[in-house]
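Here's a quick briefing to read with the structure open beside you. Take it one topic at a time and find each part as you go.

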2 protein chains.
Amino acid sequence: MIARLFCWMMAVALASLTPLARAEDGYDLWLRYMRADAATSARIAAHGQVIAAPGDSATMQAARNELLRGITGLTGATPTLSNIVAPGALWLATPRTAPALPLKLEGLGQEGYAIRSIRVEGKPVTLIAAQGEMGLLHGAFHWLRLAQSGAALDAMDIRSAPRIGLRLLNHWDNLDGTVERGYSGSSIWDWWRLPDWKGPRYADYARANASIGINGTVLNNVNAKSDSLTAPYIAKAAALADVFRPYGIKVYLSVKWTAPMELDGLKTADPLDPTVAAWWKAKADEIYKAIPDFGGFLVKANSEGQPGPQDYKRTHADGANMLAAAMKPHGGIVMWRAFVYAHDNPDDRAKQAYADFKPLDGQFADNVIVQVKNGAIDFQPREPFHPLFGAMSRTPLMMEFQITKEYLGQSTHLTYLGPLFEETLKSDTFAKGKGSTVAKVIDGSLDGHRLTGIAGVANIGTDRDWSGSIFNQADWYAFGRMAWNPDLTADAVAREWTALTFTPDKAVVEPVVAMMMGSREAAVDYMTPLGLAHVMDTGHHYGPGPWVSELARPEWNPVYYHKADATGIGFDRTKSGSNAIAQYAPPLAKRFADPRTTPERDLLWFHHLPWGYRLASGETLWDGMVHRYDRGVAYVAGMRATWEGLRPMVDGERFAQTQTFLAIQQREAQWWRDASIAYFQSIARRPLPAGAASPPESLEAYKMRKFPYAPGNP
Amino acid sequence: MIARLFCWMMAVALASLTPLARAEDGYDLWLRYMRADAATSARIAAHGQVIAAPGDSATMQAARNELLRGITGLTGATPTLSNIVAPGALWLATPRTAPALPLKLEGLGQEGYAIRSIRVEGKPVTLIAAQGEMGLLHGAFHWLRLAQSGAALDAMDIRSAPRIGLRLLNHWDNLDGTVERGYSGSSIWDWWRLPDWKGPRYADYARANASIGINGTVLNNVNAKSDSLTAPYIAKAAALADVFRPYGIKVYLSVKWTAPMELDGLKTADPLDPTVAAWWKAKADEIYKAIPDFGGFLVKANSEGQPGPQDYKRTHADGANMLAAAMKPHGGIVMWRAFVYAHDNPDDRAKQAYADFKPLDGQFADNVIVQVKNGAIDFQPREPFHPLFGAMSRTPLMMEFQITKEYLGQSTHLTYLGPLFEETLKSDTFAKGKGSTVAKVIDGSLDGHRLTGIAGVANIGTDRDWSGSIFNQADWYAFGRMAWNPDLTADAVAREWTALTFTPDKAVVEPVVAMMMGSREAAVDYMTPLGLAHVMDTGHHYGPGPWVSELARPEWNPVYYHKADATGIGFDRTKSGSNAIAQYAPPLAKRFADPRTTPERDLLWFHHLPWGYRLASGETLWDGMVHRYDRGVAYVAGMRATWEGLRPMVDGERFAQTQTFLAIQQREAQWWRDASIAYFQSIARRPLPAGAASPPESLEAYKMRKFPYAPGNP
């Protein structure tokens, strides 16, 4: 009776039926510790079957736990914790636990480490040694990175120490849970249920950061609310600091300049007013009572409407130094942002930070560091390095990169930022002759600064995968790794990340790294070719808006940045224009003065050129622009094809997400290309080069598109 | 050399070291399918070793997949999918696949099912039979519920069909990702990346809802934006509908009355204007083209500032019927909310919905259902049932419960809502004599309506545990189960939920259910004893604010609701007051007219009484209030003690969350008690009863507390 009923197709997707397996949802980031192949697993087991890691501090526990977690995951066998030396032991030691260490630790500092394959009493042991336990934790993560990547684990001889002291994330997270320029859900800080409830995500955040060398986090938005300095919010920050401390992550806060007025009714926020200074001193004392290792303050002042010392006719240095005096007794610092431009200053926006800060060089207290964005405008797909780098030799300067991709496709575009970081860090300022790279400015070596730092505006939110997509995780990873060692190449970091995140299999690593490495240049091509900038639609910065021209402040309008007219396009920053090039060292100023010697990638950043200007290729500027738009779109199509080819080698969940996002990216790259061409063609009045397709919609149609719920808009 | 170094304590928490085990983060809700004990596992395996479920539709795949997932998880062995009858098969059949089914399916409808242990060709088989595949899916979930609960699986003979047709969640989710009255993160609808990206959470949402019988979801806030009716947002809703369809979950939208004006520039939104009607008809056609099984519209009109037909001197019926005409050709419905009160109406707010809607009884089109909140004010810890229930016999009325706990402790308080639901559903309206319960009104049986419904305002957000806490999940669960069968008791549902969510072990179930069952009454006690209402602080409704009196509209102020003065406290709704009691059937009106016959739990809802009024216990009203505040706080202390005793039986992660939240609840219950007493004592000017502690802070101190970032505030 039943048999005849069962003429049906059995179409059960078994992949969806494994309730006990972890979903590949990206939560584990690059710390996945999935079972390795037999050969790798055997190698790991041979070198990590015993963990000898004396010490009962929280940091030592973190190091042991991570090694246990990692080795167990990778091999399926749990290593033993032992105090007996055994063949294949991982031995974590400091001079305190092992006074006669067989290697030198000089120069490694408190965070660096050495890893060496040695013999102890005739037995092969991998020694991870450091001056302090934080170095051991970093060393443990390094060893695990090699183990996960399938690297050889014998004959090891590694020394590593961070080149830059402060390696921080900046969270632009608001107290109401929203994130300015956040594209991956809301804030991971559950301010409302802190300090009581400390969910497991906080510790995982700290683990992830420690694993790539990040050692601090600014919890709240630079557009700060005073409330973050009230007692309840200090207690909440302290609760987070408690979770992060074992991982070496210090907590910092952004502060609002007028907090003394808003919170306690002071009549002024003048930095030279003694009551104001006393207020901040008391506030610092209050914070340090709750958070003894509090890192310090980050300040956005007199910028984009934020109050600041200039409101009282004082300088940025006056303001920074007053706060620094409050921090000083506690060992805290002040990070003072140089991202300033004033609504009443008609000068080229790109020049204003330099104009404000350069004269203050040498006036800052020794626990102040000035935080400078990588470029002089605002985190564009490409900008020349900020002219302040190399221009303030008596002031420590800190780099501010943006990891969240406000201007590079937001959550869905695959635009790996490693090349952007590398390009900036390797830029030569010529401040002290050739080789005076930005990296040497910020690592302090160029000018002999001991206070050094680098910050990345985080791309972290409540999305299960933390960063809005699997590939966005690579930007967080790259920031951390290149903050530790600014000489790492974007390519090397992409290889590491891909091996950890997907598989060490070259059949995956090679094509994925190839996709990643060209992806940022593709975004430059389809958004802002040839040195264009800030042509994104206003406010949310999502999608093209080169036509926007009616906003109140000139520098709010994309037309301010591209200056396209019937004769040509580009921002003349030479002597005949704003003369911003004079803010660079003479060899660069000279190079940028002439379009022929200006790198073509920065051409329209520095020059207003005729549409018929001949590029190096011989084609006209107009034709070259169109070709670049098309090249950018084609690159995305290429990434899609590459990704399709990886289908057999990537789990279904992560394959599908990337496949979907690449489809979005291609559609939006095409939109960028079409809308930009429709607009600029309406100005240039030139035909498209042969083979280039006309935009399918009218310029008016592109202008009509509105996105009232675009995320991240403050 | 090494050995002497290892004088250290090994303090490794092994629980945190199991990288391959699932964290107990609550994501799996009541569908955990954890490995059962040996006896239960054997029983499940004996009855579920073979799944015979013919049919290749998405719904059949969902049923098969769920059974595979569940049985595999519970037993560790994967059942076989087979078309050969075997001992221990689960056989899912409809009349289409098995014309000669050995049981009757009459009366089960398309969603009901029967489960019976039978023999087929001599072999023991569990037959799950239904008229359609959706019934089979529900039956599969029922069987899995029993299996997870450790119930006997032989000699089964079950018939179950939903008593109420529309069992919907109402999401008050905004298009920007925020959730009005949401306390569990942001919206799970990733509007921005829809329709392209359909993350795995959507299917899990549908599974969870289907498992408890929910069959529809209103995606967006009743305070609606017109944009949700634009083409891009219809496409996004359609993408969700595609994911939900196999699980029998229909999609509905809230609509803004003035959408035709806002989106297409119509000059009016008058429901009797033909251009308006034509606009809605075209919009309905557009929606149904994208979502052929679209459920219909939910409308909040002329309420709390929302526009509506009354702006054009038309009635709610005029408005609803115009929309209903647009829905009618497609089989869609209109849910018209009766939650109305007008800023220019000086009458008792509790009377206004009745006054507006009662006269319209019989005037609504047959695809309109009027959605009425459980009480006449707004989701208070306790309200008498809404007088509209039983008062509109010619109009289908739909219940609106609030699952999200706007007024019952928000995310952290353990206040199980099952008893609130049960109390309301069992309330007797006396509309057609004794036994005319609210349940019979909304299931249609009292007045013979075929269109029936119940809605719950969802407590779902992006928090990993969906609902802000493990125990909040019970409210979602209870809503679904009691919507399917309004006769289920809160106690029975709590037992089910606890067994599924924690363990069927009585040593856990009994104390947990005991905690849950008294928890809502405890919140009544520490927030709004003896029939008080709406004394929460204004706006966010977090914490006490009985003193608030200065807001523009009288009914925005808590003093409006409690009317405490030197002589007494309470809202006189008898003839000497607002006479709201006249809106109830005569036997109830008579009962409520006299404080002596009014249930004490509703005393101050209906009566203004002297502070010295004697309660049934003999104590004064004032003393009784104080005792109830104290009783509520004491109950929470008791829950904490109970929970501590469960530590050995609950996993660490869920134990810690509940432990933390109970501590918050006790602190806040105490605050409620202290602040309320401080305020009311300042009015009553009476001493505290013996043994009652004075509030530790001044009334002014309680008034000073401000919560600018309280979540969920629109």
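**An annotated stretch, a pocket and a helix pair**

In residues 148-466 of chain A, the end C-alpha atoms lie 21 Å apart, and the span is 27% helix and 14% strand. Keep in mind that you're looking at a predicted model. The UniProt annotation for this stretch, from an unreviewed entry, reads "domain: Glycosyl hydrolase family 67 catalytic".

**The second largest pocket**

- Start with its size: the second largest pocket has a volume of about 920 Å³.
- Of the 35 residues lining this pocket, Pro232(A), Lys236(A), Arg705(B), Lys706(B) and Phe707(B) are the closest to its centre.
- Which helices supply at least two residues each to the lining? In chain A they are helix H5 (231-244), helix H6 (259-264) and helix H7 (274-290), and in chain B they are helix H19 (652-684) and helix H20 (699-704).
- H19(B) gives the most to the lining, with six residues.
- Sort the lining by class and you get 19 nonpolar, three polar and 13 charged residues.

**Two helices packed together in chain A**

- Now look at helix H18 (residues 621-645) of chain A and helix H19 (residues 652-684) of chain A, which pack with their axes 9 Å apart at an angle of about 170°.
- Angles over 145 degrees count as roughly antiparallel, so H18(A) is roughly antiparallel to H19(A).
- What classes of residue make up the contact of H18(A) with H19(A)? There are 16 nonpolar, seven polar and five charged residues in this contact.

Definitions and conventions
Residues numbered from 1 in each chain as written. Chains lettered and ligands numbered in written order. Predicted model: local features only at pLDDT ≥ 70, side-chain atom pairs only at ≥ 80, totals over all residues. Heavy atoms only, no water. UniProt positions renumbered as here; feature names shortened; annotations may be inferred. Helix = DSSP H or I, 4+ residues; strand = E, 2+ residues; numbered from the N terminus. 1 Å grid on protein atoms, 1.4 Å probe; cavity = no way out; pocket = protein on both sides within 12 Å on 5 of 7 lines; lining within 4 Å. Points joined across faces, edges and corners; volume = space filled by probe spheres on them. Nonpolar A, V, L, I, M, F, W, Y, C, P; charged D, E, K, R; others polar. Axes fitted to C-alpha atoms, helices over the stretch in contact; angles between N-to-C directions. Parallel < 35°, antiparallel > 145°, perpendicular 65-115°, else oblique.
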